[in-house]
Amino acid sequence: METGRPLQRLCRVQIQRLLVMVISLVVVFVVPAQLITFPYKNYTLSVSPLTEGILEHEVAIYDNVSITFERALNGSKVGGCKGYDCDHGSLVSQVAAKQNGSDQNVYVASESTRLSYMISVLESAAAAHFSKGKSFSARDRQLQHARMQIENGPMLGSARGLDASLYRNVSKFVRSYGLMETTLKIYIYKEGKKPIFHDPKLRGIYASEGWFMKLMERSRNFITKDPRKAHLFYLPFSSLKLRNASQEQNPRSRKDLERHLKNYIDLIAGKYTFWNRTNGADHFLVACHDWAMKLTKDHMGNCIRSLCNSNLAGGFRIGKDTTLPATYIRSAEDPVKDLGGNLPSERPILAFFAGGMHGNLRPILIQHWHDKEPDMKIFGPMARDIVSKASYRTYMKSSKYCICARGYEVFSPRIVESIYFECVPVIISDNYVPPFFEFLDWRAFSVFVLEKDVANLSDILRSISGEKYLEMQKRVKMVQHHFIWHKKPVKYDLFHMILHSIWNNRVFSVGD
């Protein structure tokens, strides 16, 4: 027994040491794992002494995904976002918190984090393109000169036909657009067989790629027949017709479609020197089908890609890729048919949505808001007959806010439809990069709501003052001309805005 006691004490010491080690491992590995949902890029947690006793809102960025975290200090609990800050579209949380011994509403202001993050990435990307000592072609030197003029030109108080409140910097936009008109030359490859190449489709929800192709190939201002004079090279294929061709013929996998595009790139790379010169960096494509991002990721990933499916979490690269607005065109002969809407005083409906139950978000939207409040008209899919389609347009023209909720993918033609019908778009799609955000200030004419805050949609919209709504609705009408197709393109229209985004990204990626 005497010899057993030291052994027991030794065992207890070893067990205690083992427990300490296990607890340490739990603290080091398990607890952070509970906090980190995605591989993180930049997450900082800091508390200023000035914030003691109030609520604060923190933001973490996870691999191109903007995640918001709300924390209550002093034991206060934070609910979902229930308000909307009228200062440029910031989200606001309104919650009851115990402060100084009494219950009171505490407002927590949070910047529209997705847009702020996107803008910071864009600015960082532009600043990162520095190629000291590198030799440039004559065309690239022209783009460098254009960049200097864009960045260092005089400030404009106003511009003819443009309202400065719609833009992040109207002076830079006007200079950049003007230089595009006088400088840009594009070469279009003649290679490629119809229907996948050189054969635009002008109707339906993917019509944007078709309208751009048609107008680009007919352009006299920008096209050059001498590829040595080109600043950019257009790859004129239809992602929709590529997908349709695979369905009409023997069913083919996505890999087969990728291989089809690879064969096309091999063809032009073997016939011309221009692709290999930059590995495609001065080439661009315009594609609207859901699959376009993945189909072009490997073999065309270095190109400037104008994509409807501008998903930050799916491989969309800010500063290189651009967003193609999805436009639902019902008539190729009259693409702006039914344009316009009721006066603000004749819009009794607070919010409207109708659409298929695609993805995870829309069923949640219907669950929370279908038949819940009389001025919230939230429906599932409507019939596709003529009467129902007319009713859909009437709802949009009679609503203050039109809900643009993501489906399977992040984009929706409802955003442009809202602008057509002069209804303030409410964008619920966390990883969507809005069109032309490089220059347009989307917070001036639209509302952004985080997907997690759908349950508080009514409170968010009702918290916007009548004065603020009228300002946004007025700006929706003013920004409308940037989203309209014309058979013969006009200044600042959708064709030119798409081309300008491509031009702008190329100008700011050439290097200093």
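Start with the whole structure: a search of it finds 4 cavities of 30 Å³ or more. On a 1 Å grid over the protein atoms alone, a cavity is a set of points where a 1.4 Å probe fits but cannot get out, whereas a pocket is an open set with protein on both sides within 12 Å along at least five of seven lines; lining residues have an atom within 4 Å of a point. Grid points are joined across faces, edges and corners, and a volume is the space filled by probe spheres set on the points.

This is a predicted model, in which local features need pLDDT of at least 70 and side-chain atom pairs count only at pLDDT 80 or more, while totals for chains, interfaces and linings use all residues. Residues are numbered from 1 along each chain as its sequence is written, and side-chain values use heavy atoms, with hydrogens and water left out.

Colour by pLDDT, the predictor's confidence in each residue, from 0 to 100. The protein averages 81, and 75% of the residues score at least 70. Now select residues 26-111: pLDDT stays under 50 there, and the model has 170 contacts for this stretch beyond four places in sequence. Contact means heavy atoms within 4.5 Å.

Next, select Y328, I329, R330, S331, D334, P335, V336, K337, D338, L339, Y420 and F421, which line the largest cavity. The space inside comes to about 90 Å³. Its lining has 7 nonpolar, 1 polar and 4 charged residues, where Ala, Val, Leu, Ile, Met, Phe, Trp, Tyr, Cys and Pro count as nonpolar, Asp, Glu, Lys and Arg as charged, and the others, Gly among them, as polar.

Move to the largest pocket, which holds about 1,000 Å³ of space. Of its 33 lining residues, select I205, Y328, R384, P413 and R414, which lie nearest the centre. Then show α11 (386-397) and α12 (414-420), each supplying at least two residues of the lining; α11 gives the largest share, 5 residues. Helices (H or I, at least four residues) and strands (E, at least two) are DSSP runs, numbered from the N terminus. By class, the pocket lining has 13 nonpolar, 7 polar and 13 charged residues.

Finish at R305, in strand β9 (residues 304-307). Is R305 buried or exposed? R305 is buried, because its relative accessible area is 3%; buried means under 20%, exposed over 50%, partly exposed in between (1.4 Å probe, protein chains only). Show its contacts outside four places in sequence, including L285, M293, F316 and D321.
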